[in-house]
Amino acid sequence: MIGIGEKGGFQMKWDQIIRGGTLVTSQSEFTANIYIKDGKIAAISQELLEGGANEEIDATGYYVLPGLMDTHIHSRDPGPTHKEDFFTSTQAAAAGGITTVFDMPNTQRTINSAESFHAQVDNLTPKAHVDFGLWAICLGDLNNKELQGLNEAGVIGFKFFWGYAINSKTYQLEYNYTPGMPDVIPPLHDGQVYMIFDEVAKTGKVFAIHAENNDLMQSLTENVANSGRTDYDAFLEGRPPLAEKVTVATGISFAEATGARLHILHVSAGDSVDLIEQAQQQGLPITAETCPQYLFLTNEDYERIGPMMKIYPPIKYRADQERIWQGLQDGVLTIVCSDHAPHTIEEKTGDLWSIPAGMAGVETIIPLLLNAVSEGRLTLQQIVALCSENPAKQYGIYPQKGSFVIGTDADFTIVDMNKTGVIDRQKLHSKSKNSGYHGMEIKGYPVATIVRGHTVMKDGEIISAPIGQVVLSPSIKRKD
């Protein structure tokens with residue numbers, strides 16, 4: 001149990017002191033004390049500095065990491081908040097050692113204009129237990145002219161749900177599109193998608209894509225579903241690795257032609273890693289992320305886990321998993337995030353063709369990665385790179401986030417690598433309890449989450465009211 005005490009009396013100079021922890025960066029480890037004032041890192045010293053503090057944390061024997069981030073979550077707020085809302089999703093984030101989240105834009109108030117961005121900031125701030133950034137959605141002709149205003153407002157980046165239809169009145173995505181649906185724009189054709197690439201390129205910010213080919217998946221899924229099969233291998237036959245590979249290849253070609261900073265979301269296929277690596281070797285500005293579900297689960301786990309593990313893109317084969325791990329080790333994939341997509345247990349009960357895709361993940365991502373450290377598959381320095389330093393740099397908020405630089409936000413994740421436990425979905429802080437990791441044994445847990453000098457979580461319990469603030473990515477000058 002981590003020691004946190006409040007200090008009263010004289011010589012009060014600091015707001016918070018973290019004593020004796022082993023500080024971990026992407027390159028090194030060293031023992032030092034951290035001194036915090038007004039939410040910022042005021043000093044880091046191996047010697048004891050004069051003055052007391054309102055709160056002192058004895059981190060001896062623990063590791064102190066720059067605040068870890070989850071750059072890909074769906075909080076459902078506003079929207080179907082019976083599944084999740086921002087209050088509970090950020091509680092879950094803090095409980096899992098996350099200090100900053102990036103929320104996706106496909107809520108019932110889609111983030112499609114500067115006006116909707118500011119409205120969402122106002123909506124989420126009073127509920128936020130951790131700091132947060134917001135993605136903007138790309139809808140083609142419906143909001144191409146809004147992208148520069150979103151850039152200037154401070155969005156983290158732009159997301160395109162490739163292959164999804166769009167309701168022309170509500171701007172909501174249509175996940176089960178059929179031709180002839182009223183007020184629905186069919187999935188955009190490649191020429192329209194190319195124009196989105198070109199518009200986002202003018203902002204200079206990251207353009208992230210959900211990479212699955214809808215035409216291919218619709219045809220293959222129809223064939224398999226008509227056969228009457230409902231097993232997981234049938235599900236994968238309808239959404240094979242090829243569906244991701246084809247879209248990644250097209251996206252790379254469009255990025256090369258337009259200069260867009262393409263980011264491939266939730267990479268799940270080994271062939272995608274090959275394409276991304278080839279593009280990077282050619283000097284193209286292509287980045288990519290993956291998620292714990294693709295690192296720790298395969299199709300072989302469906303018999304044990306069942307429908308809880310249905311997600312998009314789907315969890316694939318062992319060969320894909322092995323290639324993704326190699327992509328992490330080689331630096332092809334530079335971010336790990338959760339794609340937290342909560343649903344209720346009742347909604348996840350049924351056959352694979354009818355239930356929604358997604359699982360809760362923001363609270364379990366860091367314990368899973370720490371367990372991988374305990375097993376020798378990762379290092380703490382790699383976790384700092386994948387979940388703190390790399391995303392902060394990619395999204396333009398370094399060193400405010402992701403660093404131990406004096407004068408920057410005092411965000412820290414304190415880790416006990418000797419703590420053991422078992423993931424129990426009933427104990428998750430999310431409203432949603434649908435987890436594919438229920439029952440997994442873990443060694444290595446976050447034991448304190450500190451956001452701008454506020455201790456939000458201690459030993460797995462939330463001990464703070466919402467104190468989160470929006471994180472704005474600086475506007476980037478339009479290209480010539």
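I begin with a cut-off that my entries rely on: I call a residue buried when its relative accessible area is under 20%, and the model I am reading is a predicted one.

**Entry 1, Asp131 and its partners.** With that cut-off in hand I looked up Arg452, which counts as buried because its relative accessibility is 11%. Arg452 forms a salt bridge with Asp131, and the closest N and O atoms of the two are 2.9 Å apart. I noted that this pair links distant parts of the chain, since Arg452 sits in the loop between strand 19 (441–451) and strand 20 (454–458) while Asp131 sits in strand 9, 321 residues away. Asp131 is itself buried, with a relative accessible area of 2%.

I then found that Lys401 also forms a salt bridge with Asp131, here with 2.6 Å between the closest N and O atoms. Lys401 lies in the loop between helix 13 and strand 18 (412–422) and Asp131 in strand 9, so this pair ties together parts that are 270 residues apart in sequence. Both Lys401 and Asp131 are buried.

I turned next to Arg239 and Glu212, whose side chains meet in a salt bridge at 2.8 Å, N to O. Arg239 is in the loop between helix 6 (232–238) and helix 7 (241–258), and Glu212 is in the loop between strand 14 (206–210) and helix 5 (214–226), 27 residues apart. I recorded Arg239 as buried at a relative accessible area of 11%, and Glu212 as buried at 3%.

My search of the whole structure gave 20 salt bridges.

In helix 2 (residues 114–124) I listed Ser116, Phe117, Gln120, Val121, Asn123 and Leu124 as buried. Seen down the helix axis, these buried residues fall within an arc of 160°, so they line one face of helix 2. The face turned away from that buried side carries the exposed residues Glu115 and Asp122. I also noted what the buried residues pack against, namely helix 1 (86–95), strand 8 (98–103), strand 9 (131–137) and helix 3 (147–153).

Last, I looked up Arg377, which is found in the loop between helix 12 (365–374) and helix 13 (380–394), and which counts as partly exposed at 34% relative accessibility. Leaving aside neighbours within four places in sequence, Arg377 is in contact with Trp325, Gln329, Ala372 and Gln382. Arg377 and Trp325 are 52 residues apart in sequence, and their C-alpha atoms are 9.0 Å apart in space.

Note on methods
Residues are numbered from 1 along each chain as its sequence is written. This is a predicted model: local features need pLDDT of at least 70, side-chain atom pairs count only at pLDDT 80 or more; totals for chains, interfaces and linings use all residues. Side-chain values use heavy atoms; hydrogens and water are left out. Helices (H or I, at least four residues) and strands (E, at least two) are DSSP runs, numbered from the N terminus. Buried means under 20% relative accessible area, exposed over 50%, partly exposed in between (1.4 Å probe, protein chains only). Contact means heavy atoms within 4.5 Å. The arc is that of the directions from the helix axis to the C-beta atoms. A salt bridge is a side-chain nitrogen of Lys or Arg within 4 Å of a carboxyl oxygen of Asp or Glu.
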